[in-house]
Amino acid sequence: MGKQQLRLTKTLTAIIFLCLSCFHPHILLAQTPTSIPNISNQDLIFDGQLNESFWKELSPINMTMYQPVYQGTMAEENEIYLVYNQDYIYLAANLYYEDLDDIRSNSLYRDEYSGDDTFALILDTFNDNENAQWFFTNPAGTRFDVLISDDAETINFDWDTYWDVKTARTNWGWSVEMRVPFSTLGFQSEDDKTIMGVSIYRYLAKLNERYIYPAVPPTWDNGFRKPSQAQKIVLENIKSDDPIYITPYLLGGLEQNTQLNSSGTAYKATRQWTYEPGVDVKLNLTSNLTMDVTVNTDFAQVEADDEQINLTRFPLFFSEKRRFFQERSSVFNFGFTQNGRLFHSRRIGLSNTGEPVRIYGGIRTVGKLNNTDVGFINMQTAPDAGLPSENFNVIRAKRKIFNRYSTIGGMFTSRISNKNRNNYSYGTDAIIRVIGDEYLTLKLAQTYQEQGFDLLKNSRALIQWQRRRNDGLSYRLDYDRSGNNFNPEVGFTTRNGFSLIQNNIQYKWITDRSPIFQNIYISNFTNAYRRHDDAQIESAVINPQAGTRTKNGSSFDLQTNIRYEHLLRSFQLSDNAIIPAGEYWYQNLSISYGAPDGWKFRPEMNLQHGNFFDGNRTMASISTVWNLSKHFEINNEYEYNKVQFPSRNQRFDAHIARFRLKTALNTKLSLNSFIQYNSEVEKTSINARFRYNIAEGDDLWIVYDNVINTQRQQVNLPTLPLSGYQALLVKFTYSFKL
């Protein structure tokens, strides 16, 4: 088997370097761009109303219904315009309603979509058919901004940037003006001409109707936001003014921790006043290359992670929420199956348990050099949370090959400490559009530590063949192999020493003629992990599913899960439940329902029941969103897991409850309160964040955190205090431009 694996490694390497050798920039496919009006000589009052005379001289954009019926009859009228001047690109519209009660405007909190009517501009600024910046708003003028990567296969909702929007309510609907400064957008120009990809849509939540431009058929899932399907436009004589944004901050407040005293007889509270200054600097090195510099980095305003129940023997994955790591974060994507990745930014400045680790500072550069996407990160952390002071480095590069849908790249990461505990990883990857919707993905990575290196044991390789479609037949086939010593300490992996074969096959019917159903699908997911140590199957899954989406936006899904686990060692679910070593076959059935966006009270429910190892498990979850008005929103989530092992007289009950109250006076003044309870750790946490967004980049944050011990009695130890940790922090940021 060792010789076969070595041949596989050589074959992967040969294919990837063959791709490199065949690269020629002139073989990329081209699409004829269209011009849009230049209004540099026009006076425009940015007020959300299209009162200027020049709007009447322009032809509105022709929109097409995307859902629920492609090219169906649109219920509402639109007048939509796309223009630009030397500083901004503008998207403006008059959006009409037959019945004003159909307008949904539920959110005033930035990036918190809540069943709103929306109007959007998607810009593939580098014209690379892979990445895009997605800006949208609702009738209240709330801003939402999102990063798109891998041709809409990956979406990042935690990114923010500089742009503006104004809206106005009228007796026929609402009007809107959005403007995005060219200083925000990275782009490349040739002979004073810049080509970008543009997509536009209007979404009406109550009617579940989406109108789009250009007319993209529902061949792909969410095809309206795929950069590869965008309309190419040409802009002339635009330039970025390459500003330098400097954002100093001041952080102050009081923190209280409780610790067991040296004699072990009582808990003692220690209070500490916090005072921290810091600064972030953003500068455009060129129109398509951005550098961020941070000194004494702080993320006090970031919302706490959602608690999760872990019913496996593997670590849980948590996504990145910190803004510093968000811009064009797709450049740093280097992923495998099961959330495995060569780089995961949460390894910087956070301990393995999610506790903050002080960051002295760092540099992050991302953008394009000629036809190559590049990214670089260097960060230095302080000794904290049992960790030494560490330096993190990430270098990433990738570029187009063969056609506009295919890329090849490489990545290097390092984690270097002052305790001689160093870790390095490097890899190369390629995504190749073979023909039509067929894609081949190849990845090969290795890690190195000072303890030693073995070519196969320190490597991970992935071969993936995928058909990316939304209607008809789609599939994904994966072979993923990880050596026993593969350990990317700036990345994330759940297990190693395995070979994985998995597939996901789906068939979906787009039911335009049905008065009820928008689509119906059936699918099946299977996988099998084989351990390298003994060549035995470690775990396997068979997961058939069926479901539908209705024309009003409801969703129904039914699935069964058949699993096999071969445990060499027992693992602990809780203090009262242990899964012994052995072989297990078990299965369960689950059903779920989701309400349409247009409902002001929207429940989502999931019920699951069946076997679990040598016992049984029942899981029930419900989440609700209730929009009392655009100023108040209540979110409730509850999940209950009941696990029983009658033969061993063991059981495990786990509860997670979350309550969010979002209040906003307007788009600048808001309060987000978040309470969650996790019975597995017997803690209730409170996170309240008040924000006054004075101007873009100027914010006053007041953050309150409290971790409450809900189970205070301990065996052979003193009673825990009611509060294990409390903090009240005030943070003020102020941005200015040079």
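In strand E31, the residue that bridges to Phe-571 is Ile-579, and 3 bridges in total join the antiparallel strands E30 (residues 571-574) and E31 (residues 577-579), where strands are DSSP runs of at least two residues, numbered from the N terminus, and pair if DSSP finds at least two bridges between them. A hairpin of 2 residues connects E30 to E31. This is a predicted model, in which local features need pLDDT of at least 70 and side-chain atom pairs count only at pLDDT 80 or more, while totals for chains, interfaces and linings use all residues. Residues are numbered from 1 along each chain as its sequence is written, and side-chain values use heavy atoms, with hydrogens and water left out.

**Salt bridges**

- The count comes to 41 salt bridges, each being a side-chain nitrogen of Lys or Arg within 4 Å of a carboxyl oxygen of Asp or Glu.
- Glu-538 and Arg-313 meet in one of them at 3.9 Å, N to O; because Glu-538 lies in strand E28 (residues 537-550) and Arg-313 in the loop between E17 and strand E18 (359-369), the pair ties together parts 225 residues apart in sequence.
- Both residues belong to a salt-bridge network that also includes Arg-495, Arg-531, Asp-534 and Glu-565.

**Burial**

- Glu-538 is buried at 14% relative accessibility, whereas Arg-313, at 27%, is partly exposed (buried means under 20% relative accessible area, exposed over 50%, partly exposed in between, with a 1.4 Å probe and protein chains only).
- Arg-322, buried at 5%, forms a salt bridge of 2.8 Å, N to O, with Glu-320, which is buried at 12%.

Terms used: Helix = DSSP H or I, 4+ residues; strand = E, 2+ residues; numbered from the N terminus.
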